Amino acid sequence: MTGGEGTGNAALALTVNGRRRRIRAPDAERLLDTLRWRLGLKGTKEGCRSGGCGACTVLVDGRSTLSCLTLTHEVAGATVTTVEGIGRDPVGRRVQAAFARENAVQCGYCTPGFVVALTGLLRERGPKLPPERLLEDLGGNLCRCTGYAAIRRATEAVCREVG
Amino acid sequence: MAFSLAVPRSPAEAVRLLADAPPGGAEALAGGTDLLLDIDAGRVAPSRLISLGRLPWRTLRRSGGDLVIGATLPLRDLERDPRLPRDLPGLYRAVRAVGSVALRHRATMGGNIARSSPSSDLLPILLALEARVRLVGPSGPRELPLPELLKGPRETTRVPGELIAAIVVPARRPSAYLWQRVRPSNDISQVGVAVARRERPPYWRVALGGVWPVPARLSSVEAILDSPDPGDIAVELAAQEAARCAPFVTDKRATEAYRRRLVATLLRRALREVTVP
Amino acid sequence: MRTDAPAKVRGRVEYGMDLEAPGMLWGALVPAPVAHGRIVAIDASVARGMAGVRAVVTGADLDRLLPKGGGDPERRLLPTEEVTYRHQPVAVIAADSRAVARAAAAAVRVATEALPSVDDIEEVFPDWPGAEGPGSPQVVAHVHALHGDLDAAFASAELVVSQTFRTSGVAQVALEPHACLASVEDGSYRIRTSTQAPFAVRSDTAEILGLAESRVVVEGSWVGGGFGGKASSLVEPYALVLAIASGRPVKLALTYREEFLLGRSTLPAVVRIDSSLLKGTITGRRVRLLLDAGAMLPGRDFATGYAIGFLAGPYRIEAVELEGYAVRTHKPPFGAHRAPFAAQCAFVAESHMDAIARRAGIDPFDLRLAHAWREGDTTPLGQRVGPFGLREALERAHRQREAWRADGHGSGGIGVACGFWSTGTGAGGEAIVEFARDGLHIIEGEREIGSGSVIRGLVAVVERVTGLPPAAVRVDYRDTRSAPFDSGVFGSRTVGALGQAVEKAVRKGMGTLAARAKVPEVRLAFDGGELWVVTRGHKRSLTSLLTPAERALGHLAIGGRHYGRSGTLEESRVREGEFYAYTDFTASVVLAQAAVDRETGAVRPERVAEFLDVGVALDPEMVRTQMEGGIAMGLGTALTEETLWTSAGRLANPGLLDYRIPTLGDIPPIETVIVEGFPGAGPFGAKGVGEPPIIPVPAAIANAVLDATGAQVTELPLTPERVARALKLL
């Protein structure tokens, strides 16, 4: 096992992408490591591991969350949605399609975090929202490849679709 | 790096768990967005974390002209309160200045105060709003003006086992918070200037962040601003006085000379923002 | 749409960070505690005793572990005597978990006797290197070129403009840290890794560890951002040594902090540049460059002789002297980051052009147009310029400036800057194309790294040659044992160089089919998910033209190779050192509008337009996305990004908290304009597009600030405080 450490190793339950999972994890384990190495959901990316890049963003009870700065036991009982499950949500599916269509994907390492974060914002705010505000609220997700231009186009396209 | 986690269900249990731990052995865990970074970097090495996540403090209430912000309310919830942008514009801007949306989904005001960072974007506006802090501890609850709680970088005057339960600010107050950063978005502020205007004299409260080990109010500046609608001359005098409240720090983010410049400029702008309708 | 996008938006591709194998251990690096020092002792006894630790390797252990007694003595993987930069790995550890490996690494005691460290290149040569310079032990490379009568040019000048510029180091910040998985299987050394260049990793790793290259097999994973930082080996030899020592597969991934400390940042530089002007013409230019090479070994500097040519600019100047020094300091070795150091050079050269224009009272466009290279011009190193779209790009940018001035959408100053680049067609490569029933397969060792150059660029070449739709062409990735050799995905060379190999293979294959069908030529068609061969208007199955062996294999495999020509320098102009001969000149022009806060010095870009000479755009959408990405990265270099080296080799900002790359909100509207009609040597005249877009951006921003305020900032990046100083606010 990797990444996790700590003195306890208690059991907990999470609902991950619609499936209830019972696991044991050390007290100090981060949600990022639980997802990637315990549950095999490596679509959630490990980037800076310090809350600075947003690549590890997942939804916890519908809210975008930095899984690198979240202890797994702190979210025991919660519903977690990762990029692997975001397409079950109609908004998430549209976001994925728009990112692919608009070439908002280059190396793709930031993509899962962006897709999840944008889906979370659209879900949180409901359909009528100014795209400018949404774009501002995506400031925690870094991309080094696209220059954000195509990501902006994809975001605006999704806003039009769900607006 | 190894630590155990306790998840108390009541404030009393949390206080007891903290108070019973050997000094330095336990830390309270609120959103964790700052503490976990310190643990990763080896700056602190607690053997036990006491989670505040299940305590009944994720609340926001208005009562008797006060806004009572539960210590563990995620900042994002405060930011999304529909009345906040109009009632407390300075606080609203300061909350949005903290990290990213995903970070604010976990970060809390209690945590921000307890971790007391010199460049906190929340402390200056809370000082300008004359925030009071409600604490619970081994010897019961108490309420303190925020300045009495702040002691040093990452240091407060809390006694062992004592926890921040809530922060109390006026429910409405004209206010502004302006900051300067190398990168406008999502960065640590080089300087943060907060101002708030009271109904009655003394009219103005002014506080700075990012320039000292602990954010603080500028009483000499407040004294200059003796009218609810200070004219250009008073604003200019206040700006000059603020720049004289040096020494400010020089660090990798800015030199002292530049911080002086920013303090004066941002204070001028903040005062205008609040006074010009 | 990119064919990799559907999987990437679902999180379904495997990057180096995601690699896993049964029984895998995790590696960790033990860092040197000083920037420069003699190793007295490495005490790993505590680490060795920790539960879960499976291997500890120090420099002394290499002799025992490696066949040739420790590998290459010059590039020894783990030092035994001297450390030359802080955090240089001095030991490596493999353990059952990442946490245990890191804890064990932290438990190793490295005792050193500190030696004086060199931090600042300007302290080494306070008055610029004199006669003693070239022979100084701190100099790892010295280049010098001269042509024309420089003294006469300066003596007869009406105006001499002399300036000094400084640039900061820039970090890679690929979102994926370097990560690989190494194992020993049946006597072979297997490495799966996130790399831009599997064959370079193979040769590097074999050379450093003293292994037979044929026994090292490298397989590229998907890459979470390269930009030059993953164009040679970094983590791979360490992981392989641990796999050899432990007998188990070992995963080694840098922490993000280590990315900043070890991950190949560029480093600071100082440039002095003087130009002479007579009747509106630049008659002479002298350029002197001091480049911080970090702990670069002598003979391994690649940047100085390459970059210095950019400092003269893409301009006709009668007399030019170029002199550059790469100076050794106790920082990590200088790394290649997107158009290595060319954006910094353009910042100097193009800021200098605007300073000249101002002093001489000439419009910045007029000055540039009056000097811009045309096809057939000669560079300061004596190279002949081929088809070159600079003037066309400049003229379009000029019209754009007039349009911006008229539309009033921005309030800030407007700056222009030029850049040029050389598509790396000199670096060779080979391709295999399989003609199979389900279409054409391009067999490749290199994964698509994100730019689109493999997954779209190479495919677009095949589309153009054959007229087939994208669905008929795919890229198959193989390890270095089965893939044809190629230099790597870097240097904007993939389409320009490897694309030629692909083109040749496809044409050769079609020729083979035509010969077998006994017709002068064939066409290919794709119908019903199947590849057909059309001869004289008749459609026939591919299978009918295959030999029995090929039928059994399922395809006809045809190889193509391109080992390109390098450019040639005029030897009489080169006085000393190794200069790089450019090939396939490409031009880029950036127009930027930026508002400056006159009280704080904060610069806000309002809009950016770029005009890029691409030869021919094989896939205009991919060109556009490369331009947008390069512009944003250039804005980071221009405004916020710098590694803050303090004393004794310390980096003050090894993380994203204080190393600031642009975020979404920092990027203004971007316009991209593709300039065609100036063909390069690549397929159908294509030139590389990965690097050219970033080059003029910092200069264009600086020139916009100059236009807005009259103040010139001579140091990158243009942080608010630097601009405030230039505005004399402090």
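**Group meeting: contacts, domains and core**

I'll start with one residue, Leu311(C). Leaving aside neighbours within four places in sequence, Leu311(C) is in contact with Val271(C), Ile273(C), Val287(C), Leu289(C), Leu322(C), Cys345(C), Val348(C) and Ala349(C); contact means that C-beta atoms, placed from the backbone, lie within 7 Å.

This is a predicted model: local features need pLDDT of at least 70, side-chain atom pairs count only at pLDDT 80 or more, and totals for chains, interfaces and linings use all residues. Residues are numbered from 1 along each chain as its sequence is written, and chains are lettered from A and ligands numbered from 1 in the order in which they are written.

Leu311(C) is also among the residues with the most contacts inside the largest nonpolar core, along with Ile93(C), Ile701(C) and Val705(C). That core has 393 residues. A nonpolar core here is a set of buried Ala, Val, Leu, Ile, Met, Phe, Trp, Tyr and Cys residues joined through C-beta atoms within 7 Å, and buried means 20 or more other C-beta atoms within 10 Å of the residue's own. Helix 11 of chain C, residues 342-360, gives the most to this core, eleven residues; helices are DSSP runs of H or I, at least four residues, numbered from the N terminus.

Next, chain A. Its domain 1 covers 9-49 + 59-81 and its domain 2 covers 86-162, with bounds from an automatic or database domain assignment. Their centres, over C-alpha atoms, are 22 Å apart. Each domain of chain A puts nine residues into the contact.

Last, the interface. On chain B, 21 residues are in contact with 24 residues of chain A. Helix 6 of chain B supplies the largest share of the chain B side, three residues.

Key. Contact = placed C-beta atoms within 7 Å. Helix = DSSP H or I, 4+ residues; strand = E, 2+ residues; numbered from the N terminus. Buried ≥ 20, exposed ≤ 12 C-beta atoms within 10 Å, placed from the backbone.
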